[in-house]
Amino acid sequence: MSLLLDQIRLSHPHLWKAFSAIADGEQHLHHIKELDRYWEMLKQPVQQVILPGDQLPKSAVINGEYDLVYAGGTLSLLHAAVMARKYGRKVMIFDRQMPAKSTRDWNISRQELLNLSATGLFTESEVDSFIVRRYKTGWVGFYKPDGSQKKLYMENVLDCAVDADKLLGHAKEKLLAVPGSTILARTSFSCCYCFDDHVVVKVEDSAGKAFYYKAKVLVDVMGILSPIAMQLNEGFPQTHVCPTVGTIASGFENVDFDTGEILASTGPADTSSVRGRQLIWEGFPAESDRYITYLFFYDEADSPNDKSLLGLFDTYFRILPEYKKPGKDFVVHRPVYGIIPAYFHDGFNRTREIADDHIILFGDAASLGSPLTFCGFGSMVRNLHHLTADLDQAISDNNLAKKHLEQISAYEPNVASMANLMKFMCYNSATDEPNFVNDLMNEVMIVLDDMPERYRQAMFRDEMKIEDLMLVMLRLAWRYPRVMRATWEKLGVQGSVGFMKNLVGWALSPLR
Ligand SMILES: Cc1cc2nc3c(=O)[nH]c(=O)nc-3n(C[C@H](O)[C@H](O)[C@H](O)COP(=O)(O)OP(=O)(O)OC[C@H]3O[C@@H](n4cnc5c(N)ncnc54)[C@H](O)[C@@H]3O)c2cc1C
(Lines give C-alpha, C1' and ligand atoms only; values in the text may rest on other atoms or scores of the structure.)
Protein backbone atom coordinates (compact mmCIF):
# COMPACT_ATOMS: atom_id res chain seq x y z
CA MET A 1 0.00 0.00 0.00
CA SER A 2 1.36 3.40 -0.95
CA LEU A 3 1.82 5.92 1.81
CA LEU A 4 -0.06 8.86 0.31
CA LEU A 5 -3.09 6.79 -0.67
CA ASP A 6 -3.11 5.18 2.75
CA GLN A 7 -3.44 8.61 4.35
CA ILE A 8 -6.85 9.18 2.72
CA ARG A 9 -8.28 5.72 3.28
CA LEU A 10 -10.54 6.80 6.13
CA SER A 11 -11.04 10.47 5.27
CA HIS A 12 -11.87 9.96 1.55
CA PRO A 13 -12.83 6.29 1.18
CA HIS A 14 -14.48 6.55 -2.26
CA LEU A 15 -11.51 8.34 -3.76
CA TRP A 16 -9.11 5.97 -2.04
CA LYS A 17 -10.87 2.94 -3.52
CA ALA A 18 -11.01 4.38 -7.03
CA PHE A 19 -7.42 5.67 -7.08
CA SER A 20 -6.08 2.42 -5.62
CA ALA A 21 -7.34 0.72 -8.78
CA ILE A 22 -5.62 3.02 -11.29
CA ALA A 23 -2.00 2.81 -12.38
CA ASP A 24 -0.88 6.32 -11.46
CA GLY A 25 -3.24 6.83 -8.52
CA GLU A 26 -0.49 7.84 -6.13
CA GLN A 27 0.97 10.35 -8.59
CA HIS A 28 -2.43 11.91 -9.29
CA LEU A 29 -3.13 12.17 -5.58
CA HIS A 30 0.15 13.98 -5.16
CA HIS A 31 -0.80 16.41 -7.93
CA ILE A 32 -4.27 16.98 -6.49
CA LYS A 33 -2.78 17.78 -3.09
CA GLU A 34 -0.42 20.22 -4.75
CA LEU A 35 -3.35 22.02 -6.41
CA ASP A 36 -5.23 22.04 -3.11
CA ARG A 37 -2.35 24.08 -1.66
CA TYR A 38 -4.09 26.98 -3.39
CA TRP A 39 -6.61 27.24 -0.54
CA GLU A 40 -3.78 27.58 1.99
CA MET A 41 -1.92 30.08 -0.20
CA LEU A 42 -4.98 32.36 -0.09
CA LYS A 43 -4.74 32.54 3.70
CA GLN A 44 -0.99 33.02 4.00
CA PRO A 45 1.00 36.25 3.70
CA VAL A 46 1.85 36.94 0.06
CA GLN A 47 5.24 35.59 -0.94
CA GLN A 48 7.41 38.23 -2.66
CA VAL A 49 8.73 36.64 -5.85
CA ILE A 50 9.20 39.73 -8.03
CA LEU A 51 12.33 41.31 -6.63
CA PRO A 52 14.42 44.34 -7.60
CA GLY A 53 17.53 43.60 -9.65
CA ASP A 54 19.89 44.77 -6.92
CA GLN A 55 18.85 41.78 -4.82
CA LEU A 56 20.26 39.30 -7.34
CA PRO A 57 22.94 37.37 -5.42
CA LYS A 58 26.45 38.43 -6.45
CA SER A 59 27.33 34.74 -6.86
CA ALA A 60 24.53 34.14 -9.39
CA VAL A 61 25.76 32.77 -12.72
CA ILE A 62 23.54 33.27 -15.78
CA ASN A 63 22.96 29.81 -17.27
CA GLY A 64 21.25 30.96 -20.48
CA GLU A 65 19.79 33.96 -22.24
CA TYR A 66 16.43 34.03 -24.06
CA ASP A 67 13.91 36.43 -25.58
CA LEU A 68 11.15 34.70 -23.66
CA VAL A 69 11.23 32.42 -20.63
CA TYR A 70 7.90 30.68 -19.91
CA ALA A 71 7.22 29.49 -16.35
CA GLY A 72 4.68 26.65 -16.71
CA GLY A 73 4.39 24.09 -19.49
CA THR A 74 0.76 23.70 -20.60
CA LEU A 75 -0.84 26.47 -22.71
CA SER A 76 2.62 28.04 -22.95
CA LEU A 77 3.50 25.39 -25.53
CA LEU A 78 1.06 26.94 -28.02
CA HIS A 79 2.25 30.49 -27.49
CA ALA A 80 5.95 29.63 -27.36
CA ALA A 81 5.78 27.46 -30.49
CA VAL A 82 4.33 30.38 -32.48
CA MET A 83 6.90 32.81 -31.03
CA ALA A 84 9.77 30.50 -31.96
CA ARG A 85 8.57 29.28 -35.38
CA LYS A 86 6.79 32.29 -36.76
CA TYR A 87 8.68 35.13 -35.11
CA GLY A 88 12.08 33.53 -34.67
CA ARG A 89 12.23 34.28 -30.94
CA LYS A 90 14.55 32.29 -28.71
CA VAL A 91 12.35 30.68 -26.07
CA MET A 92 12.64 28.50 -23.02
CA ILE A 93 9.85 26.70 -21.14
CA PHE A 94 10.19 25.08 -17.74
CA ASP A 95 7.66 23.25 -15.60
CA ARG A 96 7.90 21.70 -12.19
CA GLN A 97 6.11 18.61 -13.55
CA MET A 98 6.35 17.28 -17.11
CA PRO A 99 5.82 20.02 -19.72
CA ALA A 100 3.22 19.30 -22.44
CA LYS A 101 1.22 16.99 -20.16
CA SER A 102 -2.15 18.12 -18.92
CA THR A 103 -4.32 16.91 -16.06
CA ARG A 104 -7.39 17.45 -18.25
CA ASP A 105 -8.68 17.13 -21.82
CA TRP A 106 -10.51 19.87 -23.67
CA ASN A 107 -13.76 20.30 -25.55
CA ILE A 108 -14.22 22.98 -28.17
CA SER A 109 -15.89 23.37 -31.57
CA ARG A 110 -13.91 22.62 -34.72
CA GLN A 111 -14.44 26.09 -36.10
CA GLU A 112 -12.72 27.58 -33.04
CA LEU A 113 -9.96 24.99 -33.02
CA LEU A 114 -9.10 25.98 -36.57
CA ASN A 115 -7.70 29.22 -35.13
CA LEU A 116 -4.64 27.07 -34.44
CA SER A 117 -4.11 26.50 -38.15
CA ALA A 118 -4.82 30.17 -38.90
CA THR A 119 -1.77 31.09 -36.80
CA GLY A 120 0.30 28.71 -38.95
CA LEU A 121 1.20 26.52 -35.96
CA PHE A 122 -0.59 23.42 -37.26
CA THR A 123 -2.04 22.37 -40.59
CA GLU A 124 -5.76 21.77 -40.78
CA SER A 125 -5.22 18.02 -40.92
CA GLU A 126 -2.99 18.15 -37.83
CA VAL A 127 -5.76 20.05 -36.03
CA ASP A 128 -8.23 17.36 -37.08
CA SER A 129 -5.92 14.66 -35.74
CA PHE A 130 -6.21 16.13 -32.22
CA ILE A 131 -10.00 15.67 -32.28
CA VAL A 132 -10.66 12.22 -30.87
CA ARG A 133 -14.45 12.38 -31.02
CA ARG A 134 -17.06 14.70 -32.43
CA TYR A 135 -20.62 14.36 -31.18
CA LYS A 136 -23.75 15.34 -33.10
CA THR A 137 -25.62 17.48 -30.63
CA GLY A 138 -25.35 18.66 -27.04
CA TRP A 139 -27.77 19.82 -24.39
CA VAL A 140 -27.97 21.83 -21.20
CA GLY A 141 -30.57 20.93 -18.56
CA PHE A 142 -31.19 21.71 -14.89
CA TYR A 143 -33.04 19.51 -12.44
CA LYS A 144 -36.75 19.95 -11.73
CA PRO A 145 -38.24 17.68 -9.08
CA ASP A 146 -41.22 16.86 -11.34
CA GLY A 147 -39.02 16.08 -14.35
CA SER A 148 -40.31 19.07 -16.34
CA GLN A 149 -36.86 20.56 -17.02
CA LYS A 150 -36.15 22.08 -20.40
CA LYS A 151 -33.32 20.37 -22.26
CA LEU A 152 -31.81 23.03 -24.47
CA TYR A 153 -30.21 21.38 -27.50
CA MET A 154 -27.46 23.01 -29.55
CA GLU A 155 -25.01 22.04 -32.26
CA ASN A 156 -21.37 22.99 -32.89
CA VAL A 157 -20.79 23.89 -29.24
CA LEU A 158 -18.00 22.11 -27.35
CA ASP A 159 -18.67 19.18 -29.68
CA CYS A 160 -15.05 18.16 -30.33
CA ALA A 161 -13.14 16.24 -27.66
CA VAL A 162 -9.47 17.17 -28.00
CA ASP A 163 -6.60 14.97 -26.84
CA ALA A 164 -4.73 17.66 -24.89
CA ASP A 165 -1.51 15.70 -24.54
CA LYS A 166 -1.39 14.95 -28.27
CA LEU A 167 -1.96 18.60 -29.15
CA LEU A 168 0.63 19.80 -26.65
CA GLY A 169 3.05 17.05 -27.70
CA HIS A 170 2.88 18.23 -31.32
CA ALA A 171 3.45 21.82 -30.25
CA LYS A 172 6.46 20.64 -28.23
CA GLU A 173 7.96 18.85 -31.24
CA LYS A 174 7.51 21.94 -33.40
CA LEU A 175 9.06 24.12 -30.75
CA LEU A 176 12.09 21.88 -30.24
CA ALA A 177 12.65 21.76 -33.99
CA VAL A 178 13.63 25.43 -33.80
CA PRO A 179 17.35 25.66 -32.90
CA GLY A 180 17.95 27.35 -29.55
CA SER A 181 14.59 26.42 -27.99
CA THR A 182 14.74 24.73 -24.60
CA ILE A 183 12.21 22.80 -22.51
CA LEU A 184 13.04 21.79 -18.94
CA ALA A 185 11.04 19.35 -16.82
CA ARG A 186 11.02 19.10 -13.01
CA THR A 187 12.18 22.68 -12.74
CA SER A 188 10.38 25.08 -10.40
CA PHE A 189 10.07 28.82 -10.46
CA SER A 190 11.64 30.42 -7.36
CA CYS A 191 11.61 34.18 -8.02
CA CYS A 192 12.72 36.79 -10.54
CA TYR A 193 14.89 39.90 -10.41
CA CYS A 194 13.81 42.90 -12.46
CA PHE A 195 16.31 45.16 -14.20
CA ASP A 196 15.64 48.14 -16.48
CA ASP A 197 16.06 46.19 -19.70
CA HIS A 198 15.63 42.52 -18.71
CA VAL A 199 14.59 40.07 -16.03
CA VAL A 200 16.57 37.27 -14.41
CA VAL A 201 14.54 34.18 -13.51
CA LYS A 202 15.70 31.93 -10.70
CA VAL A 203 14.60 28.29 -10.93
CA GLU A 204 15.38 25.15 -8.97
CA ASP A 205 15.72 21.61 -10.25
CA SER A 206 14.23 18.66 -8.37
CA ALA A 207 17.37 18.39 -6.22
CA GLY A 208 17.00 22.04 -5.13
CA LYS A 209 19.91 23.31 -7.23
CA ALA A 210 19.45 26.92 -8.38
CA PHE A 211 19.85 28.14 -11.98
CA TYR A 212 19.46 31.66 -13.38
CA TYR A 213 18.15 32.61 -16.83
CA LYS A 214 18.10 36.04 -18.38
CA ALA A 215 15.10 37.05 -20.53
CA LYS A 216 13.59 40.09 -22.20
CA VAL A 217 10.21 38.88 -20.95
CA LEU A 218 9.16 36.33 -18.33
CA VAL A 219 5.84 34.79 -19.35
CA ASP A 220 3.97 33.52 -16.32
CA VAL A 221 1.80 30.56 -17.30
CA MET A 222 1.85 28.81 -13.94
CA GLY A 223 -1.93 28.50 -13.75
CA ILE A 224 -3.96 29.01 -10.63
CA LEU A 225 -0.96 28.49 -8.34
CA SER A 226 1.04 31.34 -9.87
CA PRO A 227 2.91 33.16 -7.10
CA ILE A 228 3.41 36.07 -9.52
CA ALA A 229 -0.37 36.52 -9.96
CA MET A 230 -0.70 36.24 -6.19
CA GLN A 231 1.82 39.04 -5.60
CA LEU A 232 0.55 41.34 -8.37
CA ASN A 233 -3.02 40.97 -7.14
CA GLU A 234 -2.09 41.37 -3.47
CA GLY A 235 -3.12 37.89 -2.38
CA PHE A 236 -6.51 37.96 -4.11
CA PRO A 237 -5.83 36.63 -7.62
CA GLN A 238 -9.31 35.19 -8.17
CA THR A 239 -12.72 36.35 -6.97
CA HIS A 240 -14.47 33.11 -7.92
CA VAL A 241 -13.48 29.53 -8.55
CA CYS A 242 -14.89 26.42 -10.08
CA PRO A 243 -13.29 23.29 -8.57
CA THR A 244 -13.67 20.53 -11.18
CA VAL A 245 -12.98 16.80 -11.04
CA GLY A 246 -13.80 13.89 -13.30
CA THR A 247 -12.57 10.90 -15.23
CA ILE A 248 -12.03 9.58 -18.69
CA ALA A 249 -13.53 6.12 -18.29
CA SER A 250 -15.16 3.28 -20.20
CA GLY A 251 -17.83 0.75 -19.27
CA PHE A 252 -20.77 2.98 -18.35
CA GLU A 253 -24.22 1.53 -18.91
CA ASN A 254 -26.28 3.32 -21.56
CA VAL A 255 -24.26 6.38 -22.48
CA ASP A 256 -25.13 8.10 -25.72
CA PHE A 257 -21.98 8.62 -27.79
CA ASP A 258 -23.72 10.98 -30.19
CA THR A 259 -24.74 13.54 -27.59
CA GLY A 260 -22.80 15.81 -25.27
CA GLU A 261 -24.20 16.83 -21.90
CA ILE A 262 -22.81 20.34 -21.65
CA LEU A 263 -24.30 21.24 -18.25
CA ALA A 264 -26.54 18.88 -16.30
CA SER A 265 -27.70 19.03 -12.71
CA THR A 266 -29.38 16.00 -11.22
CA GLY A 267 -30.62 17.29 -7.88
CA PRO A 268 -31.07 20.29 -5.59
CA ALA A 269 -28.11 22.00 -3.95
CA ASP A 270 -25.97 19.92 -1.63
CA THR A 271 -26.43 21.64 1.72
CA SER A 272 -24.10 19.42 3.73
CA SER A 273 -21.21 21.88 3.46
CA VAL A 274 -21.15 25.23 5.28
CA ARG A 275 -22.79 27.47 2.67
CA GLY A 276 -23.87 24.72 0.29
CA ARG A 277 -23.06 24.10 -3.35
CA GLN A 278 -24.98 23.34 -6.51
CA LEU A 279 -23.22 20.39 -8.05
CA ILE A 280 -23.25 20.25 -11.85
CA TRP A 281 -22.22 17.43 -14.19
CA GLU A 282 -20.82 17.41 -17.68
CA GLY A 283 -20.65 14.33 -19.91
CA PHE A 284 -18.75 14.17 -23.18
CA PRO A 285 -18.14 11.22 -25.50
CA ALA A 286 -14.38 10.72 -25.92
CA GLU A 287 -12.09 8.43 -27.91
CA SER A 288 -13.50 4.98 -28.92
CA ASP A 289 -15.53 3.61 -25.98
CA ARG A 290 -14.32 6.25 -23.53
CA TYR A 291 -16.57 8.83 -21.90
CA ILE A 292 -15.61 11.95 -19.95
CA THR A 293 -17.61 12.96 -16.89
CA TYR A 294 -16.95 16.08 -14.83
CA LEU A 295 -18.43 17.23 -11.53
CA PHE A 296 -18.03 20.85 -10.45
CA PHE A 297 -19.56 23.81 -8.65
CA TYR A 298 -19.16 27.57 -8.69
CA ASP A 299 -18.17 29.42 -5.56
CA GLU A 300 -16.60 32.57 -4.21
CA ALA A 301 -12.85 32.13 -3.75
CA ASP A 302 -13.13 33.07 -0.05
CA SER A 303 -16.36 31.27 0.85
CA PRO A 304 -16.26 29.08 3.97
CA ASN A 305 -17.17 25.94 1.96
CA ASP A 306 -14.79 23.02 1.58
CA LYS A 307 -13.64 23.56 -1.99
CA SER A 308 -10.81 21.03 -1.97
CA LEU A 309 -10.41 18.82 -5.03
CA LEU A 310 -9.81 15.95 -2.62
CA GLY A 311 -13.26 16.40 -1.05
CA LEU A 312 -14.98 16.94 -4.40
CA PHE A 313 -13.33 13.84 -5.88
CA ASP A 314 -14.59 11.72 -2.98
CA THR A 315 -18.10 13.07 -3.65
CA TYR A 316 -17.65 12.38 -7.39
CA PHE A 317 -16.93 8.69 -6.89
CA ARG A 318 -19.70 8.40 -4.29
CA ILE A 319 -22.46 9.90 -6.42
CA LEU A 320 -21.28 9.03 -9.96
CA PRO A 321 -23.86 6.19 -10.27
CA GLU A 322 -26.64 8.78 -9.80
CA TYR A 323 -25.43 10.43 -13.03
CA LYS A 324 -23.97 7.64 -15.17
CA LYS A 325 -24.10 4.07 -13.99
CA PRO A 326 -20.76 2.24 -14.11
CA GLY A 327 -21.30 -1.25 -15.56
CA LYS A 328 -19.39 -4.41 -14.71
CA ASP A 329 -16.54 -3.52 -17.11
CA PHE A 330 -16.17 0.02 -15.80
CA VAL A 331 -12.54 1.22 -15.92
CA VAL A 332 -11.11 4.64 -15.07
CA HIS A 333 -8.40 5.40 -17.65
CA ARG A 334 -7.44 8.78 -16.30
CA PRO A 335 -8.66 11.19 -13.63
CA VAL A 336 -9.01 14.84 -14.73
CA TYR A 337 -9.07 17.76 -12.33
CA GLY A 338 -8.23 21.36 -11.62
CA ILE A 339 -9.45 24.61 -10.14
CA ILE A 340 -10.94 26.78 -12.88
CA PRO A 341 -10.29 30.44 -12.01
CA ALA A 342 -12.60 33.41 -12.46
CA TYR A 343 -12.27 37.09 -11.84
CA PHE A 344 -14.93 39.77 -11.45
CA HIS A 345 -13.56 43.04 -12.87
CA ASP A 346 -15.12 45.80 -10.82
CA GLY A 347 -14.87 48.46 -13.54
CA PHE A 348 -15.46 49.42 -17.16
CA ASN A 349 -12.44 47.46 -18.28
CA ARG A 350 -9.96 44.88 -17.02
CA THR A 351 -9.14 45.52 -13.37
CA ARG A 352 -7.01 42.47 -12.69
CA GLU A 353 -3.22 42.87 -12.75
CA ILE A 354 -1.71 40.78 -15.54
CA ALA A 355 1.70 42.31 -16.12
CA ASP A 356 4.68 44.04 -14.62
CA ASP A 357 7.84 45.43 -16.20
CA HIS A 358 9.27 42.58 -18.34
CA ILE A 359 6.61 40.17 -16.98
CA ILE A 360 3.36 39.10 -18.63
CA LEU A 361 0.70 36.61 -17.53
CA PHE A 362 -1.28 34.30 -19.84
CA GLY A 363 -3.68 31.39 -19.37
CA ASP A 364 -5.11 30.65 -15.94
CA ALA A 365 -2.40 32.79 -14.32
CA ALA A 366 -4.11 35.77 -16.02
CA SER A 367 -7.61 34.40 -15.20
CA LEU A 368 -9.38 36.25 -18.03
CA GLY A 369 -11.49 33.34 -19.33
CA SER A 370 -15.10 32.66 -18.43
CA PRO A 371 -15.66 29.67 -16.15
CA LEU A 372 -19.17 29.24 -17.53
CA THR A 373 -18.31 27.49 -20.74
CA PHE A 374 -14.87 27.35 -22.29
CA CYS A 375 -12.38 28.59 -19.77
CA GLY A 376 -8.69 28.99 -20.48
CA PHE A 377 -8.02 26.71 -23.43
CA GLY A 378 -10.79 28.29 -25.51
CA SER A 379 -9.63 31.74 -24.48
CA MET A 380 -6.03 31.00 -25.55
CA VAL A 381 -7.13 29.52 -28.87
CA ARG A 382 -9.32 32.54 -29.64
CA ASN A 383 -6.65 35.05 -28.70
CA LEU A 384 -3.44 33.27 -29.75
CA HIS A 385 -3.03 35.27 -32.93
CA HIS A 386 -2.86 38.70 -31.28
CA LEU A 387 -1.19 37.48 -28.05
CA THR A 388 1.77 36.34 -30.16
CA ALA A 389 1.86 39.10 -32.80
CA ASP A 390 1.55 41.87 -30.21
CA LEU A 391 4.21 40.43 -27.94
CA ASP A 392 6.61 40.07 -30.85
CA GLN A 393 5.97 43.71 -31.78
CA ALA A 394 6.53 44.82 -28.18
CA ILE A 395 9.89 43.01 -28.10
CA SER A 396 10.91 44.55 -31.43
CA ASP A 397 9.96 48.01 -30.18
CA ASN A 398 11.50 47.35 -26.76
CA ASN A 399 8.14 48.35 -25.24
CA LEU A 400 8.35 45.97 -22.32
CA ALA A 401 7.22 48.15 -19.46
CA LYS A 402 4.12 47.15 -17.53
CA LYS A 403 1.89 49.75 -19.20
CA HIS A 404 2.62 48.29 -22.64
CA LEU A 405 2.63 44.62 -21.72
CA GLU A 406 -0.72 44.80 -19.94
CA GLN A 407 -2.33 45.86 -23.24
CA ILE A 408 -1.42 42.42 -24.61
CA SER A 409 -4.15 40.39 -23.01
CA ALA A 410 -6.93 37.92 -23.60
CA TYR A 411 -9.37 40.28 -21.87
CA GLU A 412 -12.64 40.29 -23.79
CA PRO A 413 -15.40 42.64 -22.53
CA ASN A 414 -18.15 40.23 -23.52
CA VAL A 415 -16.48 37.38 -21.61
CA ALA A 416 -15.97 39.62 -18.56
CA SER A 417 -19.66 40.58 -18.53
CA MET A 418 -20.87 37.05 -19.12
CA ALA A 419 -18.63 35.77 -16.33
CA ASN A 420 -20.84 37.77 -13.91
CA LEU A 421 -23.52 35.18 -14.52
CA MET A 422 -21.46 32.64 -12.58
CA LYS A 423 -22.41 34.58 -9.43
CA PHE A 424 -26.00 33.42 -9.89
CA MET A 425 -24.73 29.85 -9.86
CA CYS A 426 -22.89 30.20 -6.53
CA TYR A 427 -25.41 28.66 -4.17
CA ASN A 428 -25.82 30.20 -0.70
CA SER A 429 -28.01 28.36 1.81
CA ALA A 430 -28.50 31.61 3.77
CA THR A 431 -30.46 33.22 0.92
CA ASP A 432 -31.37 30.50 -1.58
CA GLU A 433 -33.98 27.77 -1.73
CA PRO A 434 -32.34 24.39 -2.46
CA ASN A 435 -33.52 24.58 -6.09
CA PHE A 436 -32.63 28.24 -6.62
CA VAL A 437 -29.88 27.66 -9.21
CA ASN A 438 -31.86 24.93 -10.98
CA ASP A 439 -35.04 27.02 -11.21
CA LEU A 440 -33.23 30.08 -12.48
CA MET A 441 -31.16 28.19 -15.04
CA ASN A 442 -34.21 26.27 -16.18
CA GLU A 443 -35.92 29.58 -16.94
CA VAL A 444 -32.85 30.75 -18.87
CA MET A 445 -33.04 27.55 -20.94
CA ILE A 446 -36.75 28.12 -21.65
CA VAL A 447 -36.01 31.69 -22.79
CA LEU A 448 -33.15 30.55 -25.04
CA ASP A 449 -35.24 27.71 -26.43
CA ASP A 450 -37.76 30.29 -27.67
CA MET A 451 -35.05 32.20 -29.53
CA PRO A 452 -33.13 31.31 -32.72
CA GLU A 453 -30.27 28.83 -32.21
CA ARG A 454 -27.59 31.47 -32.76
CA TYR A 455 -28.35 32.95 -29.30
CA ARG A 456 -27.61 29.76 -27.41
CA GLN A 457 -24.57 29.02 -29.57
CA ALA A 458 -23.22 32.51 -28.93
CA MET A 459 -23.84 32.20 -25.19
CA PHE A 460 -22.08 28.85 -24.89
CA ARG A 461 -19.24 29.82 -27.22
CA ASP A 462 -18.39 33.11 -25.47
CA GLU A 463 -19.47 35.01 -28.59
CA MET A 464 -22.45 36.90 -27.17
CA LYS A 465 -23.18 40.41 -28.45
CA ILE A 466 -24.39 42.97 -25.96
CA GLU A 467 -27.71 43.53 -27.71
CA ASP A 468 -28.32 39.77 -27.68
CA LEU A 469 -27.55 39.49 -23.96
CA MET A 470 -29.87 42.44 -23.25
CA LEU A 471 -32.67 40.73 -25.11
CA VAL A 472 -32.14 37.47 -23.23
CA MET A 473 -32.05 39.32 -19.89
CA LEU A 474 -35.22 41.28 -20.66
CA ARG A 475 -37.08 38.17 -21.70
CA LEU A 476 -35.88 36.39 -18.58
CA ALA A 477 -36.98 39.24 -16.29
CA TRP A 478 -40.39 39.28 -18.00
CA ARG A 479 -40.86 35.51 -17.61
CA TYR A 480 -39.23 35.15 -14.21
CA PRO A 481 -39.36 38.44 -12.22
CA ARG A 482 -37.76 36.63 -9.27
CA VAL A 483 -34.45 37.16 -11.07
CA MET A 484 -34.57 40.86 -10.09
CA ARG A 485 -34.51 40.04 -6.39
CA ALA A 486 -31.91 37.35 -6.99
CA THR A 487 -29.68 39.89 -8.73
CA TRP A 488 -29.84 42.10 -5.69
CA GLU A 489 -29.16 39.21 -3.28
CA LYS A 490 -26.39 37.62 -5.32
CA LEU A 491 -24.57 40.68 -6.58
CA GLY A 492 -25.28 43.26 -3.87
CA VAL A 493 -24.77 46.98 -4.49
CA GLN A 494 -21.11 46.70 -5.45
CA GLY A 495 -21.64 43.67 -7.66
CA SER A 496 -24.71 45.18 -9.40
CA VAL A 497 -22.90 48.47 -10.06
CA GLY A 498 -19.84 46.50 -11.19
CA PHE A 499 -21.97 44.43 -13.60
CA MET A 500 -23.41 47.66 -15.04
CA LYS A 501 -19.89 49.04 -15.46
CA ASN A 502 -18.86 45.83 -17.28
CA LEU A 503 -21.84 46.21 -19.61
CA VAL A 504 -21.05 49.89 -20.31
CA GLY A 505 -17.40 48.97 -20.95
CA TRP A 506 -18.59 46.26 -23.34
CA ALA A 507 -21.00 48.64 -25.12
CA LEU A 508 -18.22 51.19 -25.63
CA SER A 509 -15.62 48.62 -26.61
CA PRO A 510 -14.37 48.39 -30.19
CA LEU A 511 -14.59 44.59 -29.78
CA ARG A 512 -18.39 44.71 -29.61
C1 LIG B 1 -11.22 19.25 -15.57
C2 LIG B 1 -11.05 20.44 -16.44
C3 LIG B 1 -11.59 20.45 -17.72
C4 LIG B 1 -11.42 21.57 -18.54
N5 LIG B 1 -11.99 21.57 -19.78
C6 LIG B 1 -11.85 22.65 -20.56
C7 LIG B 1 -12.44 22.69 -21.86
O8 LIG B 1 -13.14 21.75 -22.25
N9 LIG B 1 -12.23 23.77 -22.64
C10 LIG B 1 -11.47 24.83 -22.18
O11 LIG B 1 -11.32 25.82 -22.90
N12 LIG B 1 -10.91 24.83 -20.97
C13 LIG B 1 -11.08 23.77 -20.15
N14 LIG B 1 -10.53 23.77 -18.92
C15 LIG B 1 -9.67 24.89 -18.52
C16 LIG B 1 -8.27 24.68 -19.07
O17 LIG B 1 -7.84 23.38 -18.82
C18 LIG B 1 -7.30 25.66 -18.42
O19 LIG B 1 -7.78 26.96 -18.63
C20 LIG B 1 -5.90 25.50 -18.99
O21 LIG B 1 -5.38 24.24 -18.71
C22 LIG B 1 -5.00 26.54 -18.38
O23 LIG B 1 -3.69 26.31 -18.82
P24 LIG B 1 -2.47 27.05 -18.15
O25 LIG B 1 -1.29 26.65 -18.95
O26 LIG B 1 -2.77 28.48 -18.00
O27 LIG B 1 -2.41 26.47 -16.67
P28 LIG B 1 -2.24 24.97 -16.19
O29 LIG B 1 -2.88 24.02 -17.14
O30 LIG B 1 -2.70 24.95 -14.78
O31 LIG B 1 -0.69 24.73 -16.25
C32 LIG B 1 0.17 25.38 -15.37
C33 LIG B 1 1.50 24.66 -15.38
O34 LIG B 1 2.38 25.40 -14.56
C35 LIG B 1 3.15 24.50 -13.79
N36 LIG B 1 3.59 25.20 -12.58
C37 LIG B 1 2.82 25.66 -11.55
N38 LIG B 1 3.61 26.23 -10.63
C39 LIG B 1 4.87 26.16 -11.08
C40 LIG B 1 6.13 26.59 -10.55
N41 LIG B 1 6.24 27.20 -9.37
N42 LIG B 1 7.23 26.33 -11.30
C43 LIG B 1 7.15 25.71 -12.50
N44 LIG B 1 5.99 25.28 -13.03
C45 LIG B 1 4.86 25.50 -12.32
C46 LIG B 1 2.21 23.34 -13.50
O47 LIG B 1 2.92 22.17 -13.21
C48 LIG B 1 1.42 23.26 -14.79
O49 LIG B 1 1.97 22.35 -15.72
C50 LIG B 1 -10.70 22.68 -18.07
C51 LIG B 1 -10.17 22.68 -16.78
C52 LIG B 1 -10.36 21.57 -15.97
C53 LIG B 1 -9.81 21.61 -14.58
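The model is predicted. The ligand is surrounded by 37 residues, and domain 1 and domain 2 both give residues to that shell, so the ligand lies between them. Strand β12 (residues 210-220) pairs with β2 in the parallel sense, with β11 in the antiparallel sense and with β20 in the parallel sense.

**Ligand shell**

- The closest of the 37 residues around the ligand are Gly 72, Gly 223, Gly 338, Gly 363 and Gly 376.
- By residue class, the shell holds 17 nonpolar residues, 16 polar ones and four charged ones.
- At least two shell residues come from each of β4 (106-108), β10 (187-194), β13 (240-252), β18 (326-342) and α12 (376-396).
- β18 gives the most to the shell, with four residues.
- Domain 1 is made up of 50-101 + 164-234 + 345-411, and domain 2 of 106-162 + 240-342 + 424-512; the ligand lies between the two because both supply residues to its shell.

**Pairings of β12**

- Strand β2 (residues 62-71) runs parallel to β12, and eight bridges join the two.
- Strand β11 (residues 199-205) is antiparallel to β12, with six bridges between them.
- Val 203 has Phe 211 of β12 as its bridge partner, and Glu 204 has Ala 210 of β12.
- β11 and β12 form a hairpin with four residues between the strands, and in this hairpin Gly 208 takes a positive phi near 85 degrees.

**β10 and β11**

- β10, which supplies at least two residues of the ligand shell, pairs with β11 in the antiparallel sense over seven bridges.
- The bridge partner of Cys 192 is Val 201 in β11.
- These two strands also form a hairpin, with four residues between them.

**The β4-β8-β5 sheet**

- Strands of a sheet pair through backbone hydrogen bonds, either parallel or antiparallel.
- An open sheet is formed by three strands in the order β4-β8-β5, with antiparallel pairing.
- β4 and β5 (131-134) are its edge strands, each pairing on one side only.
- On average, neighbouring strands of this sheet are turned by 30 degrees against each other, direction ignored.
- β4 and strand β8 (residues 160-162) run antiparallel and are joined by three bridges.
- Within that pairing, Ile 108 has Cys 160 of β8 as its bridge partner.
- β4 also belongs to the elements that each supply at least two residues of the ligand shell.

**Helices α17 and α18**

- Two packed helices are described by the angle between their axes and the distance between the axes.
- Helix α17 (residues 466-479) and helix α18 (residues 482-508) have axes that come within 13 Å and cross at roughly 160 degrees.
- The two helices are therefore roughly antiparallel to each other, as angles over 145 degrees count as such.
- The crossing of α17 and α18 is left-handed.

Terms used:
Residues numbered from 1 in each chain as written. Predicted model: local features only at pLDDT ≥ 70, side-chain atom pairs only at ≥ 80, totals over all residues. Near = placed C-beta within 6 Å. Nonpolar A, V, L, I, M, F, W, Y, C, P; charged D, E, K, R; others polar. Domains from an automatic or database assignment. Pairing = 2+ DSSP bridges. Axes fitted to C-alpha atoms, helices over the stretch in contact; angles between N-to-C directions. Parallel < 35°, antiparallel > 145°, perpendicular 65-115°, else oblique. Left-handed = near helix turned anticlockwise from the far one by under 90°.
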